[in-house]
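Dear colleague,

I am passing on the structure we spoke about, and you will find it just below. My notes on what turned up in it follow, and I would be glad if you read them with the structure open beside you.

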Amino acid sequence: MLADSHAHLDEPELRPDQEEVVNRAREAGVGLIINIGIGLQNSHQVVETAHRYHEVFAAVGVHPHAVAALTARDLEALAPVALDERVVAIGEIGLDFYRRRSPEEEQRYWFRQFLEWAVSLKKAVVVHTREATADTLQILRDYSSRLVGGVMHCFSGSLEEAYHFLDLGFYLSFSGVLTYPPAEPLRQVARQLPLDRVLMETDCPYLAPQPWRGKRNEPAYVTATAQTLAKLHGLSLEEVAHRTYGNTLSAFNLVGKGQPGKDNIRDNLLVSSLKSI
Ligand SMILES: [Zn+2]
Ligand SMILES: [Zn+2]
């Protein structure tokens, strides 16, 4: 069983045939998908989607690209959504100084607001960082002792950076970038990391792994990234799948809440949907 720790099933590229996408993931052995929000409206959608499929859970948040337009009232309106039982994290949130679609100061401000939120709601965080590692670390250090979990998504930094995040208790999630021919330095980093702190993700519909690079990505393709990691560690795909699946359950505090994809979760869902009627 594999896990995709970071998918955007409600992006316009994937919504039209979302059900087939989830079915193909099942057939490929992907038994857990974390569906990540990137904006206010999208965060509502990712939670609805998590209620439709037993193996899908949700994270709600606003991508650093989109925080410039945010208001305190927006955040208030999102609070009830974040409390939903299918929401396992706040994200994706963070800093992106590469594209700078929102001013840096605004990004830092809202990153802190969302981290405060995650602390008070006792939810994990999914962090996006690009060309902002020093600032990201500085801010995370203020919250790490109070956070219940965290994932650095689409990790592509150095070994030294990796250990800074591991020291703060974060998991590191690798995307299809790990399979790209020029990504040899990243593969060398992944080879040296403790496997119990590593997750697999697609970041679909973006960043499709080889051999689908440049095409629309989907959770079923996480297998290719896991295969690459397996080779790096000299392990079987099954072993890496099993271990990174377990890590994903731990990262999002799903251990002991029943195995996603198994009947007890479905029963719980049934009970909660009956309650809401
Ligand atoms: Zn991201
Ligand atoms: Zn993403």
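Helix α8 and its surroundings

The buried residues of α8 pack against the strands β1 (2-7), β2 (30-36), β7 (171-174) and β8 (198-200), and also against the helices α7 (184-192) and α9. Please keep in mind throughout that this is a predicted model. The residues of α8 that count as buried are V222, T223, A224, T225, A226, T228 and L229. The length of α8 is consistent with its residue count, because 12 residues at 1.5 Å a residue should span 16 Å, and the C-alpha atoms at its ends are 17 Å apart.

As for how α8 (residues 222-233) meets α9 (residues 237-251), their axes lie 8 Å apart and the helices pack at an angle of about 110°. Since angles of 65 to 115 degrees count as roughly perpendicular, α8 is therefore roughly perpendicular to α9. On the α8 side the contact is made by A226, Q227, L229, A230 and H233, and on the α9 side by L237, E239, V240, A241 and T244. Sorted by class, this contact has six nonpolar residues, three polar and one charged.

The nonpolar core

The largest nonpolar core has 75 residues, and those that touch the most other members are A59, V60, I90, V125, V151 and L172. Strand β4 (residues 87-96) gives the most to this core, with six residues. If residues up to four places away in sequence are left out, V60 touches G37, S43, V46, V47, L78, V81, A82, V87 and I90.

Lastly, E11 lies in the loop between β1 and α1 (18-27). Although E11 and G37 are 26 residues apart in sequence, their C-alpha atoms are 9.3 Å apart in space.

With best wishes

Technical notes:
Residues numbered from 1 in each chain as written. Chains lettered and ligands numbered in written order. Predicted model: local features only at pLDDT ≥ 70, side-chain atom pairs only at ≥ 80, totals over all residues. Axes fitted to C-alpha atoms, helices over the stretch in contact; angles between N-to-C directions. Helix = DSSP H or I, 4+ residues; strand = E, 2+ residues; numbered from the N terminus. Parallel < 35°, antiparallel > 145°, perpendicular 65-115°, else oblique. Contact = placed C-beta atoms within 7 Å. Nonpolar A, V, L, I, M, F, W, Y, C, P; charged D, E, K, R; others polar. Core = buried A, V, L, I, M, F, W, Y, C linked by C-beta atoms within 7 Å. Buried ≥ 20, exposed ≤ 12 C-beta atoms within 10 Å, placed from the backbone. Expected span 1.5 Å × (residues − 1).
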